[in-house]
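I opened this model to see how its parts pack and meet. My notes follow, entry by entry.

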Amino acid sequence: MTPQTVDVLVIGGGATGAAALYDLARRGVRALLVEQNDFTTGTSGRYHGLLHSGGRYAVRDPETAQECIAENTILRRITPFAIEDTGGLFVATLDDPADFPAQWVTGCAAAGIPTEQLTPEQARAQEPALTPNITAVYRVPDASVDSFDLIHGFIAAARTYGCKTLIYHRVTQLIHEGDTIVGARLEDTRTGATRIIHAACILNAAGPWVSVIAGLAGIAVEVKFDRGAMIAMNMRWVNTIVNRLRPAADGDILVPVGAVCVLGTTSVMTDHPDDYRIEPWEVSKILNEAEAVVPGIRYGRALRAWAGVRPLYESPAAHHNDTAGRAVMRTFSVLDHAALHGVRGLVTVVGGKLTTCRLMAEQTVDVVCQQIGVTAPCTTAREVLPGATTRYHRLDQRLHRLEHGETPGELICECEMVTRPQIEQAIAAYGDQPVALDDLRRDLRIGMGPCQGGFCSYRAAAILQEVKGHSALETNRAFAAFVRERYQGVRPLLWGHQLRQFYLDELIYRRTLGLDWLTGDYDPHENVYAEGDHD
Amino acid sequence: MTKTTQTGSDVIVIGAGLAGLTAAVHAVQTGATVRLIAQGWGQQIVTPGWISVCDRAKDDVIAELRGYAALHPAHPYALAGDEGMIDCLERFRAITKAIGVPYGACVKAGHNLRLTTLLGAIQTPLLAPASMVSGDLTGVTGEILLVSFTGWRDFYPALAASNLAKQGITARAVLVDAPGAPQAWDLWPVELARRFDDPALRQRVIDQLRPHVQNAAKIGFPAVVGLEQHVEALADCTQQLERPCFEIATLPPSVPGTRLSNRLRRWLLRQRARVQIGHPVVHGIVENRRCVGVDVGALGHTNPFYADQFILATGGLYNGGIQSDESGRLWEPIFDLPVKGPGGTGREKWYHANLLVHRGHAVHRHTGLRVNTRMQPLDADGAPVLDNVYAAGHLLTGFNPLTDGCAEGIALATALKAVQVALALEAQKSY
Ligand SMILES: Cc1cc2nc3c(=O)[nH]c(=O)nc-3n(C[C@H](O)[C@H](O)[C@H](O)COP(=O)(O)OP(=O)(O)OC[C@H]3O[C@@H](n4cnc5c(N)ncnc54)[C@H](O)[C@@H]3O)c2cc1C
Ligand SMILES: Cc1cc2nc3c(=O)[nH]c(=O)nc-3n(C[C@H](O)[C@H](O)[C@H](O)COP(=O)(O)OP(=O)(O)OC[C@H]3O[C@@H](n4cnc5c(N)ncnc54)[C@H](O)[C@@H]3O)c2cc1C
């Protein structure tokens, strides 16, 4: 295959890479974004969903606090389709340090974060589920942000300027010419085919994997990995984002997202960028902390848990020795490897927040443009994204459309109200590219509701077969892969209600359908009682 | 003995699953006065509707089961004993025939059936509703025609046909218009089944199918062919299409299970049993190791009901017979009976990392009540906890209902045993 040439190759289909692609597009640069999986499968799809006001950082990390409030204001303007303006509360309880609220208010004022003090009664009138043990409570401009919609919005907007994307392609090698990086070798993660892309500059937005990419250029970028877990509860216990008003700790935040409420998070240092484990203590901790703010919530139904990894970077210059986890600043760094390491053609961005992705993109693209001689300034903060659809997902809107006959066709995923024509359309959008059920999940939210795929995965697998003409075995395996993936996020939460739900799901898969006989993984005539794969 | 004559009965059965319902039937048949109390219907309203006794048995099922029970004396089948095994199946066939939802078995006596699923896998229960038995694939060589409805979300026959082909069975898929009003976006199996009760609506399906029958040896429908008139409905299809027609279990809710539940309930009511479905038992009233009554939840308060014997068939982790929490605690909420679990600290041993692991998950295999051969729940030392409470069905420990293919057989066998013990005791006591 003849190598393809672009001005800039962006590595990483998370919020930062997507925002960078859009920024490059507006500056007239021909750019290609490459992502090893689907969009949003990295940290951006495993995060908490909060468009920070900056309040959380107001005391310890004023720089991040300022960045957050500025970007919060900008994203509300340019990506309204991805944001639900829930507002936020900071709540101190009897258990929290009494002197903290005063420091916090000062910090917010210094960072420019508007706060409004409420009486506990006012707060409870707005959010009746809150604890009566409130000692202080403030309103801040937090919001809930859907990273799927945000990233798809940036990508769609970049495409209107002619920029391109390539998913399921991994950068496996960087191509050097002397001290300059001139391109990359990509591997199709589904077929193994390779191709070469030449680029005047590469923008490394690989999130927790940035040091892997830098390593391909022989450059050491020291990143610490900080894992955090989140739990989705099956209803919106609160309609406003609720933060604990105390020095940042585990389980401080409740975020209403769509039909659920996401609790989190924890902070555990780990050695691997893809360590997504959730330890039992993390589940207990998160539920206990949420219980202190919203009594009764721990007896609610926990739907799904997931973990993400924050890449924490501190420039060697500003090195305090054993800082870890929350003590490391959440601000970001742009690494110009030409200036730092004498390697041209590669710029890395690391750290930061989803809230600040546009700013991170702006500052990184500034450096990239300098290297390739483009002088156009950043204009991404100016206007609503062009070409972006108003896809903001609201379950009640889907129900309304269904009930008024606006979305014809049978209902395939009852929990998230996805119809057959919607699934067919989403499949068609992939053209002749392979489609996994998990891709459809990210596109449409199938299988993300209370039953976690119990009913819709058979239906969706069969529709996928009909449209794509897959073999029976391929279809059974795609079905099994999907339900196994759904299980991973439910497994830490299997007790009480969700255990019962998953018993039913497992019975449907194993007994009603007999899926386990048909994946080719084991011999159906083997003795079920045989020892072997133990409990 | 009983506190008030109005609310007293010989036996209270708690639970309306297969275990509870058949226990009530047996008790009624011996002439006892029976009250059945359940929070809701049992699992049969979501299951395929067949009776798995020992799905893995290749030959004579009962012989294999006896061999297995002899090697595993703590297994519920061993505890129930093997006379009861055959007896409970015969009684089940008799009662289902009497109420008009007959269950049948493989033509090859004592062997398991071979029934296709919606996905085209083959499941091997011992008994099934007659409407499914006509789809037995044992020895079938001809082509199977699989029927579904255009725009119906719950059965994709082409996928089933392609999976059956892999297993050497020729099948062909056809879609016809559903009976009745144009396609609704959420057409449930039970609603479709009601439409099949109407001869005129059914006729339209049959007429559409005629040209597609061709060489088919049998014709398979999703299990929605009639709710109240299902025997007539299926016979009508079979007669007009001149091929054996059969039903394939659907996703929940289960039409075959709904037919069975409705008719068992009506039968029990006709026999003057009291049937209260929709009421949880919240608490057992115990005096000196004997249960004298149960408190039953009603709006904002509880009502006591009294009896001499109690059959506990509350269904284990799925239906609330056993409760679980985040810390890994497992408890039986009515009598606080000792619950055996998978062991380990917290929930660490409950679930395997792989959902579809062959042997299934430890939490389902191990969680339940330990009982003796009299079906009495035991304490840690192996002694009965209460003199007149007997447990049956999914509530017992020692088998995995998801993987072992024996849960329904266990429900029937242990329910029969529990009733036999309870009523024999009752007879002794009155002397
Ligand atoms: C637990 C947790 C909670 C958080 N909560 C919030 C919050 O509430 N609000 C907020 O603003 N921020 C939050 N954050 C931070 C936020 O999620 C991240 O800052 C943001 O998602 C980072 O986006 P990114 O694009 O830089 O990285 P990612 O989303 O990780 O994207 C990097 C992408 O690069 C791809 N990639 C890696 N290597 C290669 C390769 N060799 N070839 C091709 N592609 C490659 C990966 O597949 C990945 O998709 C949270 C983070 C965590 C961990
Ligand atoms: C989709 C599905 C498919 C299945 N397929 C198979 C199969 O192919 N093979 C197999 O062997 N097994 C299968 N099973 C499992 C099998 O059907 C069950 O194990 C069996 O039916 C259990 O019957 P049971 O009467 O013991 O309990 P259940 O059916 O669970 O009934 C329990 C009853 O107790 C009631 N109850 C609980 N607590 C209280 C209370 N406090 N007060 C009053 N009432 C209470 C409930 O409301 C319910 O009526 C399947 C199950 C499902 C869900």
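**Helix pairs**

I began with helix 13 (residues 456-468) and helix 14 (residues 472-490) of chain A, which pack at an angle of about 145 degrees with axes 10 Å apart. Helices (H or I, at least four residues) and strands (E, at least two) are DSSP runs, numbered from the N terminus. Axes are lines fitted to C-alpha atoms, for helices over the stretch in contact, and angles run from 0 to 180 degrees between N-to-C directions.

I noted the source next: this is a predicted model, where local features need pLDDT of at least 70 and side-chain atom pairs count only at pLDDT 80 or more, while totals for chains, interfaces and linings use all residues. Residues are numbered from 1 along each chain as its sequence is written, chains are lettered from A and ligands numbered from 1 in the order in which they are written, and side-chain values use heavy atoms, with hydrogens and water left out.

Back to the pair in chain A. I listed who touches whom, contact meaning heavy atoms within 4.5 Å. S457(A), Y458(A), A461(A) and Q465(A) in helix 13 meet A472(A), T475(A), F479(A), F482(A) and V483(A) in helix 14. These residues divide into 6 nonpolar, 3 polar and no charged. Here Ala, Val, Leu, Ile, Met, Phe, Trp, Tyr, Cys and Pro count as nonpolar, Asp, Glu, Lys and Arg as charged, and the others, Gly among them, as polar.

I then turned to chain B. The axes of helix 8 (residues 199-213) and helix 9 (residues 230-241) of chain B come within 10 Å and cross at roughly 35 degrees. This crossing of helix 8 and helix 9 of chain B is right-handed. Their contact holds 6 nonpolar, 2 polar and 4 charged residues.

**Between the chains**

How many residues does each chain give to the contact? I found 64 from chain B and 63 from chain A. The two chains bury about 6100 Å² between them, 58% of it on carbon and sulfur atoms. Buried area is the accessible area (1.4 Å probe) that two parts lose on being put together, summed over both. In chain B, W185(B), L356(B) and H358(B) lose the most area to chain A, together 14% of what that side buries.

I looked for salt bridges (a side-chain nitrogen of Lys or Arg within 4 Å of a carboxyl oxygen of Asp or Glu). The rule finds 4 across this interface. In one of them, E326(B) pairs with R298(A), with the closest N and O atoms 2.4 Å apart.

**A bridge within chain A**

Over all chains, I counted 51 salt bridges. Among them, R358(A) and E71(A) meet at 2.8 Å, N to O. R358(A) lies in helix 9 (residues 357-372) and E71(A) in helix 2 (residues 62-78) of chain A, so the pair ties together parts 287 residues apart in sequence.

Most residues other than glycine have a negative phi, and most peptide bonds are trans. I checked for exceptions.

- A cis peptide bond joins G264(A) and T265(A), with omega about -5 degrees.
- The bond from P252(B) to P253(B) is also cis, with omega near -5 degrees.
- R445(A) is not a glycine, yet has a positive phi of about 75 degrees. R445(A) lies in the loop between helix 12 (437-444) and helix 13 of chain A.

Notes:
A crossing is left-handed if the near helix is turned anticlockwise from the far one by less than a right angle, and right-handed if clockwise.
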